[in-house]
Amino acid sequence: MRVPFADLSRQHLALKKDLDAAIAGVVERSSFIQGPEVTAFEDEFAKYCHVSDAVGVSSGTEALFLALKALGIGPGDEVITVPNTFIATSEAVTAVGAQVRFVDVDSKTYTIDPEMLEAAINPKTRAVIPVHLYGQTANMDAVTDIARRHNLFVVEDAAQAHGARWTGRKAGSLGDCGCFSFYPGKNLGAFGDAGAVVTKDAELAARIRRLRNHGRDPGSKYEHSEEGFNGRMDSLQAAILSVKLRHLPDWSHKRRAVAKAYRELLSDCDGVVLPCVSADAEHVFHLYVVQVEKRDELQKALKVEGIATGVHYPIPLHLQPAYAHLGLGPGSFPVAEAQASRILSLPMFGDMTEAEVEYVAAKVMAFHRATVKV
Ligand SMILES: *Cc1c(COP(=O)(O)O)cnc(C)c1O
(Lines give C-alpha, C1' and ligand atoms only; values in the text may rest on other atoms or scores of the structure.)
Protein backbone atom coordinates (compact mmCIF):
# COMPACT_ATOMS: atom_id res chain seq x y z
CA MET A 1 0.00 0.00 0.00
CA ARG A 2 1.14 3.57 -0.63
CA VAL A 3 0.27 6.09 2.08
CA PRO A 4 0.99 9.75 1.30
CA PHE A 5 2.05 12.13 4.06
CA ALA A 6 -0.99 14.26 3.22
CA ASP A 7 -3.35 14.30 0.23
CA LEU A 8 -4.94 17.62 -0.66
CA SER A 9 -6.47 16.31 -3.89
CA ARG A 10 -8.96 14.16 -1.94
CA GLN A 11 -10.19 17.25 -0.10
CA HIS A 12 -10.39 19.37 -3.24
CA LEU A 13 -12.16 16.74 -5.34
CA ALA A 14 -14.95 16.58 -2.75
CA LEU A 15 -15.38 20.39 -2.88
CA LYS A 16 -14.76 20.86 -6.60
CA LYS A 17 -18.15 22.34 -7.48
CA ASP A 18 -18.10 24.92 -4.68
CA LEU A 19 -14.47 25.85 -5.30
CA ASP A 20 -15.02 26.25 -9.05
CA ALA A 21 -18.04 28.49 -8.39
CA ALA A 22 -16.08 30.62 -5.90
CA ILE A 23 -13.21 31.08 -8.36
CA ALA A 24 -15.64 31.88 -11.21
CA GLY A 25 -17.29 34.52 -9.01
CA VAL A 26 -13.97 36.30 -8.45
CA VAL A 27 -13.19 36.22 -12.17
CA GLU A 28 -16.64 37.60 -12.95
CA ARG A 29 -16.23 40.53 -10.53
CA SER A 30 -12.55 40.89 -11.44
CA SER A 31 -11.79 42.73 -8.21
CA PHE A 32 -8.64 40.74 -7.59
CA ILE A 33 -7.07 42.91 -4.88
CA GLN A 34 -9.03 43.97 -1.75
CA GLY A 35 -12.25 42.62 -3.25
CA PRO A 36 -15.41 41.87 -1.26
CA GLU A 37 -14.25 38.24 -0.87
CA VAL A 38 -11.43 39.38 1.43
CA THR A 39 -13.75 41.26 3.80
CA ALA A 40 -16.21 38.36 3.77
CA PHE A 41 -13.51 35.85 4.69
CA GLU A 42 -12.11 38.17 7.37
CA ASP A 43 -15.54 38.39 9.02
CA GLU A 44 -16.01 34.61 8.89
CA PHE A 45 -12.54 33.84 10.20
CA ALA A 46 -12.85 36.41 13.04
CA LYS A 47 -16.09 34.73 14.09
CA TYR A 48 -14.45 31.30 13.86
CA CYS A 49 -11.59 32.46 16.15
CA HIS A 50 -13.94 34.19 18.62
CA VAL A 51 -12.38 37.62 18.07
CA SER A 52 -13.62 40.96 16.75
CA ASP A 53 -11.14 41.35 13.90
CA ALA A 54 -9.25 39.33 11.33
CA VAL A 55 -6.91 40.92 8.81
CA GLY A 56 -6.16 38.91 5.68
CA VAL A 57 -2.51 39.09 4.61
CA SER A 58 -0.22 37.50 2.05
CA SER A 59 1.27 34.70 4.20
CA GLY A 60 1.80 33.46 7.74
CA THR A 61 5.27 34.99 7.71
CA GLU A 62 3.78 38.37 6.74
CA ALA A 63 1.18 37.97 9.51
CA LEU A 64 3.94 37.60 12.13
CA PHE A 65 5.95 40.46 10.64
CA LEU A 66 3.01 42.90 10.46
CA ALA A 67 1.82 41.96 13.96
CA LEU A 68 5.24 42.76 15.49
CA LYS A 69 5.53 45.91 13.37
CA ALA A 70 2.07 47.13 14.38
CA LEU A 71 2.89 46.56 18.06
CA GLY A 72 5.82 48.95 17.61
CA ILE A 73 8.55 46.34 18.10
CA GLY A 74 11.84 47.21 16.43
CA PRO A 75 15.56 47.89 16.90
CA GLY A 76 16.74 47.64 20.52
CA ASP A 77 13.90 45.27 21.46
CA GLU A 78 14.07 41.55 22.18
CA VAL A 79 11.42 38.95 21.38
CA ILE A 80 11.40 35.52 22.98
CA THR A 81 10.41 32.39 21.08
CA VAL A 82 11.40 28.71 20.77
CA PRO A 83 14.07 27.03 18.63
CA ASN A 84 11.85 24.10 17.51
CA THR A 85 9.74 25.95 14.97
CA PHE A 86 9.71 26.85 11.31
CA ILE A 87 12.22 29.64 10.65
CA ALA A 88 9.42 32.10 9.72
CA THR A 89 8.77 32.66 13.45
CA SER A 90 12.22 34.08 14.13
CA GLU A 91 12.62 35.66 10.67
CA ALA A 92 9.73 37.99 11.50
CA VAL A 93 11.54 39.17 14.64
CA THR A 94 14.71 39.96 12.70
CA ALA A 95 12.71 41.55 9.87
CA VAL A 96 11.31 44.24 12.20
CA GLY A 97 14.85 44.93 13.43
CA ALA A 98 14.50 43.28 16.84
CA GLN A 99 16.66 40.59 18.42
CA VAL A 100 15.40 37.01 18.77
CA ARG A 101 16.01 35.20 22.05
CA PHE A 102 15.37 31.46 22.06
CA VAL A 103 14.21 29.49 25.11
CA ASP A 104 13.76 25.73 25.55
CA VAL A 105 10.47 23.83 25.38
CA ASP A 106 8.45 21.47 27.54
CA SER A 107 9.60 17.85 27.10
CA LYS A 108 6.06 16.49 26.68
CA THR A 109 4.15 19.08 24.64
CA TYR A 110 6.94 20.58 22.46
CA THR A 111 5.70 24.08 23.37
CA ILE A 112 7.44 26.92 25.23
CA ASP A 113 8.54 26.11 28.79
CA PRO A 114 7.03 28.88 30.98
CA GLU A 115 9.90 28.69 33.49
CA MET A 116 12.47 29.16 30.74
CA LEU A 117 10.42 32.04 29.35
CA GLU A 118 10.35 33.86 32.66
CA ALA A 119 14.08 33.29 33.25
CA ALA A 120 14.98 34.81 29.86
CA ILE A 121 13.12 38.09 30.35
CA ASN A 122 15.32 41.19 30.61
CA PRO A 123 14.68 44.95 30.37
CA LYS A 124 14.83 44.79 26.53
CA THR A 125 12.19 42.06 26.22
CA ARG A 126 9.02 43.40 24.59
CA ALA A 127 7.15 40.33 23.38
CA VAL A 128 6.88 36.55 23.40
CA ILE A 129 5.81 34.38 20.47
CA PRO A 130 4.46 31.07 21.79
CA VAL A 131 4.28 28.57 18.90
CA HIS A 132 1.25 26.27 18.98
CA LEU A 133 3.34 23.49 17.47
CA TYR A 134 1.77 20.52 15.64
CA GLY A 135 -1.74 21.83 16.46
CA GLN A 136 -1.61 22.08 20.25
CA THR A 137 -1.57 25.47 21.97
CA ALA A 138 1.22 26.36 24.35
CA ASN A 139 0.40 26.61 28.07
CA MET A 140 -1.37 29.93 27.56
CA ASP A 141 -2.43 30.48 31.18
CA ALA A 142 1.22 30.46 32.22
CA VAL A 143 2.42 32.44 29.19
CA THR A 144 -0.18 35.22 29.50
CA ASP A 145 0.32 35.42 33.27
CA ILE A 146 4.09 35.90 32.85
CA ALA A 147 3.52 38.38 30.02
CA ARG A 148 1.11 40.44 32.12
CA ARG A 149 3.53 40.59 35.06
CA HIS A 150 6.43 41.68 32.83
CA ASN A 151 4.43 43.92 30.51
CA LEU A 152 5.11 41.88 27.36
CA PHE A 153 3.00 41.50 24.25
CA VAL A 154 1.88 37.97 23.36
CA VAL A 155 1.87 37.18 19.63
CA GLU A 156 0.58 33.65 19.06
CA ASP A 157 2.14 31.72 16.18
CA ALA A 158 -1.00 29.76 15.34
CA ALA A 159 0.15 28.76 11.84
CA GLN A 160 -0.37 25.08 12.75
CA ALA A 161 -3.33 25.48 15.09
CA HIS A 162 -6.49 26.66 13.30
CA GLY A 163 -9.36 25.92 15.67
CA ALA A 164 -7.20 24.54 18.49
CA ARG A 165 -8.40 25.44 21.98
CA TRP A 166 -6.92 26.16 25.40
CA THR A 167 -9.44 25.83 28.27
CA GLY A 168 -12.16 26.09 25.64
CA ARG A 169 -10.85 29.33 24.13
CA LYS A 170 -9.68 29.43 20.52
CA ALA A 171 -6.07 29.75 19.38
CA GLY A 172 -5.46 33.30 18.22
CA SER A 173 -7.84 34.75 20.83
CA LEU A 174 -5.53 34.05 23.78
CA GLY A 175 -2.81 36.68 23.37
CA ASP A 176 -2.70 40.23 22.01
CA CYS A 177 -3.03 38.77 18.53
CA GLY A 178 -2.75 35.47 16.70
CA CYS A 179 -0.98 34.80 13.40
CA PHE A 180 -2.25 32.17 10.97
CA SER A 181 -0.86 30.69 7.77
CA PHE A 182 -3.05 29.35 4.97
CA TYR A 183 -0.13 27.72 3.15
CA PRO A 184 -1.74 24.86 1.16
CA GLY A 185 -0.62 22.10 3.55
CA LYS A 186 -1.91 23.79 6.72
CA ASN A 187 -5.18 22.64 8.35
CA LEU A 188 -6.92 25.43 6.43
CA GLY A 189 -5.02 25.96 3.18
CA ALA A 190 -5.36 28.30 0.21
CA PHE A 191 -4.39 27.62 -3.41
CA GLY A 192 -1.13 29.49 -2.85
CA ASP A 193 0.20 31.76 -0.11
CA ALA A 194 -2.10 33.53 2.37
CA GLY A 195 -2.29 34.35 6.08
CA ALA A 196 -4.19 36.34 8.68
CA VAL A 197 -3.75 38.20 11.96
CA VAL A 198 -6.66 37.94 14.39
CA THR A 199 -7.18 40.14 17.45
CA LYS A 200 -9.75 41.56 19.85
CA ASP A 201 -8.00 44.94 19.68
CA ALA A 202 -9.73 47.03 16.98
CA GLU A 203 -6.97 49.65 17.00
CA LEU A 204 -4.25 47.06 16.46
CA ALA A 205 -6.32 45.53 13.63
CA ALA A 206 -6.69 48.95 11.99
CA ARG A 207 -2.92 49.50 12.14
CA ILE A 208 -2.23 46.08 10.55
CA ARG A 209 -4.87 46.78 7.88
CA ARG A 210 -3.03 50.00 7.04
CA LEU A 211 0.45 48.46 7.09
CA ARG A 212 -0.50 45.58 4.78
CA ASN A 213 -1.64 48.14 2.18
CA HIS A 214 1.25 50.64 1.91
CA GLY A 215 0.15 52.60 4.99
CA ARG A 216 -2.82 53.80 2.99
CA ASP A 217 -5.56 55.50 5.02
CA PRO A 218 -8.89 53.66 5.01
CA GLY A 219 -11.19 54.83 2.24
CA SER A 220 -8.51 56.86 0.51
CA LYS A 221 -6.52 55.96 -2.55
CA TYR A 222 -3.31 57.98 -2.36
CA GLU A 223 -3.16 59.24 1.22
CA HIS A 224 -0.59 57.51 3.39
CA SER A 225 -0.28 58.31 7.09
CA GLU A 226 2.85 56.15 7.26
CA GLU A 227 4.97 53.87 5.10
CA GLY A 228 3.69 50.32 4.94
CA PHE A 229 4.14 47.21 2.85
CA ASN A 230 2.42 45.17 0.17
CA GLY A 231 1.15 42.35 2.37
CA ARG A 232 -2.41 41.88 1.11
CA MET A 233 -4.42 38.67 0.69
CA ASP A 234 -5.68 38.01 -2.87
CA SER A 235 -9.45 37.99 -3.42
CA LEU A 236 -9.07 34.60 -5.12
CA GLN A 237 -7.45 33.06 -2.03
CA ALA A 238 -10.11 34.61 0.22
CA ALA A 239 -12.94 33.13 -1.89
CA ILE A 240 -11.33 29.68 -1.75
CA LEU A 241 -10.70 29.96 1.99
CA SER A 242 -14.36 30.89 2.64
CA VAL A 243 -15.50 27.68 0.95
CA LYS A 244 -12.99 25.58 2.90
CA LEU A 245 -13.57 27.28 6.29
CA ARG A 246 -17.11 25.84 6.41
CA HIS A 247 -15.59 22.35 6.47
CA LEU A 248 -12.78 23.05 8.95
CA PRO A 249 -14.66 21.90 12.09
CA ASP A 250 -15.41 18.59 10.37
CA TRP A 251 -11.79 18.23 9.19
CA SER A 252 -10.45 18.89 12.71
CA HIS A 253 -12.85 16.26 14.03
CA LYS A 254 -11.55 13.77 11.45
CA ARG A 255 -7.92 14.57 12.30
CA ARG A 256 -8.68 13.88 15.97
CA ALA A 257 -10.28 10.57 14.96
CA VAL A 258 -7.13 9.58 13.05
CA ALA A 259 -5.04 10.52 16.12
CA LYS A 260 -7.31 8.45 18.35
CA ALA A 261 -6.94 5.45 16.04
CA TYR A 262 -3.13 5.80 16.04
CA ARG A 263 -3.18 6.00 19.85
CA GLU A 264 -5.26 2.83 20.19
CA LEU A 265 -3.23 0.89 17.63
CA LEU A 266 0.18 1.96 18.98
CA SER A 267 -0.56 1.96 22.72
CA ASP A 268 1.29 -1.33 23.31
CA CYS A 269 4.38 -0.16 21.49
CA ASP A 270 6.71 0.78 24.42
CA GLY A 271 9.44 2.18 22.22
CA VAL A 272 7.15 4.75 20.60
CA VAL A 273 6.33 7.94 22.52
CA LEU A 274 2.90 9.16 21.39
CA PRO A 275 1.75 12.81 21.38
CA CYS A 276 0.87 14.12 24.84
CA VAL A 277 -2.31 16.19 24.86
CA SER A 278 -2.49 18.55 27.83
CA ALA A 279 -5.73 18.32 29.85
CA ASP A 280 -6.46 21.99 29.08
CA ALA A 281 -5.88 21.68 25.33
CA GLU A 282 -7.95 20.59 22.36
CA HIS A 283 -5.41 19.44 19.78
CA VAL A 284 -6.12 19.81 16.04
CA PHE A 285 -3.26 17.52 14.93
CA HIS A 286 -1.74 19.50 12.10
CA LEU A 287 0.96 16.85 12.50
CA TYR A 288 1.02 13.50 14.31
CA VAL A 289 4.50 13.41 15.82
CA VAL A 290 5.92 10.40 17.65
CA GLN A 291 9.34 9.95 19.24
CA VAL A 292 11.49 6.87 18.72
CA GLU A 293 15.09 6.02 19.52
CA LYS A 294 15.95 4.84 15.99
CA ARG A 295 14.14 7.58 14.08
CA ASP A 296 16.17 7.49 10.86
CA GLU A 297 15.93 3.69 10.63
CA LEU A 298 12.16 3.78 11.21
CA GLN A 299 11.74 6.48 8.58
CA LYS A 300 13.69 4.38 6.07
CA ALA A 301 11.76 1.20 6.91
CA LEU A 302 8.42 2.99 6.45
CA LYS A 303 9.57 4.42 3.13
CA VAL A 304 10.31 0.90 1.88
CA GLU A 305 6.71 -0.01 2.79
CA GLY A 306 5.38 2.95 0.77
CA ILE A 307 4.70 5.23 3.76
CA ALA A 308 5.72 8.89 3.51
CA THR A 309 6.80 10.60 6.73
CA GLY A 310 8.44 13.90 7.70
CA VAL A 311 10.59 15.48 10.42
CA HIS A 312 9.38 18.80 11.88
CA TYR A 313 12.04 19.99 12.36
CA PRO A 314 15.38 18.17 12.03
CA ILE A 315 17.65 21.12 12.99
CA PRO A 316 16.67 23.43 15.87
CA LEU A 317 16.96 27.06 14.75
CA HIS A 318 19.87 27.96 17.05
CA LEU A 319 21.98 25.28 15.31
CA GLN A 320 21.16 26.56 11.80
CA PRO A 321 23.93 28.36 9.89
CA ALA A 322 21.56 31.35 9.67
CA TYR A 323 21.84 31.81 13.44
CA ALA A 324 25.53 30.95 13.90
CA HIS A 325 26.09 34.62 14.88
CA LEU A 326 24.08 34.02 18.07
CA GLY A 327 26.90 31.75 19.26
CA LEU A 328 24.50 29.15 20.68
CA GLY A 329 26.16 25.75 20.25
CA PRO A 330 24.87 22.23 20.91
CA GLY A 331 23.71 21.88 24.52
CA SER A 332 22.09 25.34 24.60
CA PHE A 333 18.55 23.90 24.55
CA PRO A 334 18.82 20.24 25.59
CA VAL A 335 15.10 19.42 25.39
CA ALA A 336 14.59 20.77 21.88
CA GLU A 337 17.85 19.19 20.73
CA ALA A 338 17.00 15.74 22.14
CA GLN A 339 13.57 15.89 20.48
CA ALA A 340 15.02 16.90 17.10
CA SER A 341 16.87 13.58 16.74
CA ARG A 342 13.89 11.45 17.85
CA ILE A 343 10.77 13.01 16.29
CA LEU A 344 8.94 11.57 13.30
CA SER A 345 5.74 12.90 11.74
CA LEU A 346 3.48 10.05 10.59
CA PRO A 347 0.93 10.53 7.77
CA MET A 348 -1.92 12.72 9.05
CA PHE A 349 -4.83 14.23 7.13
CA GLY A 350 -8.58 14.26 7.62
CA ASP A 351 -9.35 12.09 4.61
CA MET A 352 -7.02 9.26 5.68
CA THR A 353 -8.85 5.94 5.49
CA GLU A 354 -9.05 3.49 8.38
CA ALA A 355 -7.08 1.00 6.29
CA GLU A 356 -4.29 3.53 5.79
CA VAL A 357 -4.02 4.31 9.52
CA GLU A 358 -4.01 0.59 10.34
CA TYR A 359 -1.35 -0.08 7.72
CA VAL A 360 0.95 2.66 9.06
CA ALA A 361 0.48 1.50 12.66
CA ALA A 362 1.15 -2.12 11.68
CA LYS A 363 4.41 -1.19 9.96
CA VAL A 364 5.55 0.91 12.95
CA MET A 365 4.78 -2.07 15.24
CA ALA A 366 6.61 -4.48 12.93
CA PHE A 367 9.73 -2.27 12.97
CA HIS A 368 9.53 -2.04 16.75
CA ARG A 369 9.22 -5.83 17.18
CA ALA A 370 12.14 -6.46 14.79
CA THR A 371 14.43 -4.00 16.58
CA VAL A 372 13.71 -5.03 20.19
CA LYS A 373 14.33 -8.72 19.43
CA VAL A 374 18.05 -8.24 18.70
C1 LIG B 1 3.84 27.57 8.13
C2 LIG B 1 4.39 28.25 9.31
C3 LIG B 1 4.71 29.62 9.31
C4 LIG B 1 4.79 30.45 8.05
O5 LIG B 1 3.66 30.50 7.27
P6 LIG B 1 3.76 30.84 5.70
O7 LIG B 1 2.33 31.04 5.31
O8 LIG B 1 4.40 29.69 5.04
O9 LIG B 1 4.56 32.10 5.56
C10 LIG B 1 5.08 30.22 10.50
N11 LIG B 1 5.16 29.51 11.65
C12 LIG B 1 4.89 28.19 11.69
C13 LIG B 1 4.99 27.46 13.00
C14 LIG B 1 4.50 27.52 10.53
O15 LIG B 1 4.26 26.20 10.58
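What covers the buried residues of H5? Among the elements that do so are H4, strand S2 (78-81), strand S3 (99-102) and strand S5 (153-157). Keep in mind that this is a predicted model.

Helix H5 spans residues 88-95, and its buried residues are Ala88, Thr89, Ser90, Ala92 and Val93. After H5 comes glycine 97, which has a positive phi, near 95°.

**The seven-stranded sheet**

Now for the sheet that S5 sits in. There are 7 strands in this open sheet, ordered S1-S9-S8-S5-S4-S2-S3, and the pairing is mixed. Strand S1 (53-57) and S3 are the edge strands; each has a single partner strand, so one side of each has no neighbour in the sheet. From one strand to the next, the twist averages 25°.

Inside that sheet, S5 pairs with strand S8 (residues 177-181) in the parallel sense, over 3 bridges. If you want a residue to look at here, aspartate 157 stands opposite cysteine 179 in S8. Helix H3 (residues 36-48) lies across S1, S8 and strand S9 (195-199), and it runs at about 130° to S1.

**The other strand pairings**

There's also an open sheet of 3 strands, in the order S7-S6-S10, with antiparallel pairing. Its edge strands are strand S7 (169-170) and strand S10 (281-282), each of which pairs on one side only. S6 takes up residues 165-166 and pairs with S10 in the antiparallel sense over 2 bridges. Within that pairing, arginine 165 has glutamate 282 in S10 as its bridge partner.

Then there is strand S11 (residues 288-291), which pairs with S12 in the antiparallel sense over 4 bridges. Valine 289 has serine 345 in S12 as its bridge partner. Which way do the side chains of S12 (residues 343-346) point? Ile343 and Ser345 go one way and Leu344 and Leu346 the other, and all of them are buried.

| Strand pair | Sense | Bridges |
|---|---|---|
| S5 and S8 | parallel | 3 bridges |
| S6 and S10 | antiparallel | 2 bridges |
| S11 and S12 | antiparallel | 4 bridges |

As background, the strands of a sheet pair through backbone hydrogen bonds, in either a parallel or an antiparallel way.

**Helix H4 against helix H8**

Back to H4, one of the elements covering the buried residues of H5. How do H4 and H8 pack? Helix H4 (residues 60-70) and helix H8 (residues 202-211) meet at an angle of about 120°, and their axes are 9 Å apart. H4 is therefore oblique to H8. The crossing of the two is right-handed.

On the H4 side, the contact is made by Leu66, Ala67, Lys69 and Ala70, and on the H8 side by Leu204, Arg207, Ile208 and Leu211. Sorted by class, this contact has 6 nonpolar residues, 2 charged residues and no polar ones.

Terms used:
Residues are numbered from 1 along each chain as its sequence is written. This is a predicted model: local features need pLDDT of at least 70, side-chain atom pairs count only at pLDDT 80 or more; totals for chains, interfaces and linings use all residues. Side-chain values use heavy atoms; hydrogens and water are left out. Buried means under 20% relative accessible area, exposed over 50%, partly exposed in between (1.4 Å probe, protein chains only). Two strands pair if DSSP finds at least two bridges between them. Axes are lines fitted to C-alpha atoms, for helices over the stretch in contact, and angles run from 0 to 180 degrees between N-to-C directions. Angles under 35 degrees count as roughly parallel, over 145 as roughly antiparallel, 65 to 115 as roughly perpendicular and the rest as oblique. A crossing is left-handed if the near helix is turned anticlockwise from the far one by less than a right angle, and right-handed if clockwise. Contact means heavy atoms within 4.5 Å. Ala, Val, Leu, Ile, Met, Phe, Trp, Tyr, Cys and Pro count as nonpolar, Asp, Glu, Lys and Arg as charged, and the others, Gly among them, as polar.
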